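Here is a short tour of a few helices and charged pairs, written to be read with the coordinates open.

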Amino acid sequence: MTDGFPAPVAVAHAPLAATVTRVAELAGKMGRDLNQVFDLRRLSEASGVPADVVRILLDGRPAGEPDLQTRFLQRLDLLRRTRVKPNGRRYTQQEIADGAGMSRQQAGALINGDRRPTMEHCDAIQRFFGVHAGFLTAHDADALTDALQRTEQQLLQDFAGRARETVPAAAASAGDPLARLLQNHGVRGIAWRAAQLPSDKHRDKVTEWLDMLLESVKPNES
């Protein structure tokens with residue numbers, strides 16, 4: 001294996017293991033290529049975790065950089081290599097400083113590892129590069145778990161969209177609870193989970209609950 005993840009494996013980090021299993025099962029149901037879903041380079045860029053560490057974690061072995069400053073430097077270097085300007089060039093220290101609201105000296109000290117970052121530094125740099133909170137600081141296994149959960153959400157949206165397109169209007173009008181759920185409510189994660197339930201009785205309960213929830217949050221009519 002050189003640039004992909006061919007099959008689910010036992011992962012040492014429990015939340016990561018559970019996420020890997022869910023993503024692999026969902027991708028399988030949708031006929032997606034696991035090498036693409038678990039592409040090491042894509043997951044590295046999404047999580048900030050070096051690709052070789054991503055591989056080790058997915059292989060079920062413990063890995064990751066324990067030191068916060070070292071993790072920060074690894075992630076910041078990855079951001080500067082992968083989140084570049086429209087002309088393909090890296091942002092300069094001055095541009096990062098200006099965008100993050102700090103002096104060039106502060107930015108240079110952080111980039112060169114001469115100063116330990118504060119949470120305020122991390123938040124400012126994350127906003128500048130347009131990445132989520134915790135990108136520069138999360139432990140490697142947690143960062144990878146988060147990236148895979150975002151992959152899971154995208155797969156769920158795609159799955160629900162596909163289901164909505166294939167639900168016949170006649171089935172919805174005939175009272176099929178799952179069809180009505182998909183057609184009327186546009187549910188994503190709930191739709192996929194409801195599809196796995198064993199009987200119409202269980203799906204009726206999901207529909208009843210969702211109808212009650214939507215009714216409860218409906219704005220009052222004047």
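## Lys85 and Glu95

Glu95 is partly exposed, with a relative accessible area of 28%. The model is a predicted one, and in it the side chain of Glu95 meets that of Lys85 in a salt bridge, at 3.2 Å from N to O. This pair links distant parts of the chain: Glu95 sits in helix α6, while Lys85 belongs to the loop between α5 and α6, 10 residues apart. Is Lys85 buried or exposed? Its relative accessibility is 17%, and the cut-off for buried is under 20%, so Lys85 counts as buried.

## Helix α6 and its surroundings

Staying with the helix that carries Glu95, α6 covers residues 93–100, and its Ile96, Ala97 and Ala100 are buried. Viewed down the axis of α6, these buried residues fall within an arc of 100 degrees, so they line one face of the helix.

What covers that buried set? The cover includes α5 (68–82), α7 (104–111) and α8 (119–129). Just after α6 comes Gly101, which takes a positive phi of about 70 degrees.

Glu45 and Arg41 both lie in α3 (residues 40–47), four residues apart, which is about one turn of the helix. Their side chains meet in a salt bridge of 3.4 Å, N to O. As for accessibility, Arg41 is exposed, with a relative accessible area of 63%, whereas Glu45 is partly exposed at 27%.

## How α3 meets α4

Two packed helices are described by the angle between their axes and the distance between the axes. For α3 and helix α4 (residues 51–58), the packing angle is about 105 degrees, and the axes lie 9 Å apart. The two helices are therefore roughly perpendicular to each other.

Which residues make the contact? From α3 come Leu40, Leu43, Ser44 and Ser47, and they meet Ala51, Val54, Arg55 and Leu58 in α4. By type, the residues of this contact divide into five nonpolar, two polar and one charged.

## The buried side of α4

In α4, the buried residues are Val53, Val54, Leu57 and Leu58. These cover an arc of only 130 degrees around the axis, which puts them on the same side of α4.

Beyond the helix, α4 is followed by Gly60, whose phi is positive, near 90 degrees.

Key. Residues numbered from 1 in each chain as written. Predicted model: local features only at pLDDT ≥ 70, side-chain atom pairs only at ≥ 80, totals over all residues. Heavy atoms only, no water. Buried < 20%, exposed > 50% of the residue type's maximum accessible area, 1.4 Å probe, protein only. Arc of directions from axis to C-beta. Contact = heavy atoms within 4.5 Å. Salt bridge = Lys/Arg side-chain N within 4 Å of Asp/Glu carboxyl O. Axes fitted to C-alpha atoms, helices over the stretch in contact; angles between N-to-C directions. Parallel < 35°, antiparallel > 145°, perpendicular 65-115°, else oblique. Nonpolar A, V, L, I, M, F, W, Y, C, P; charged D, E, K, R; others polar.
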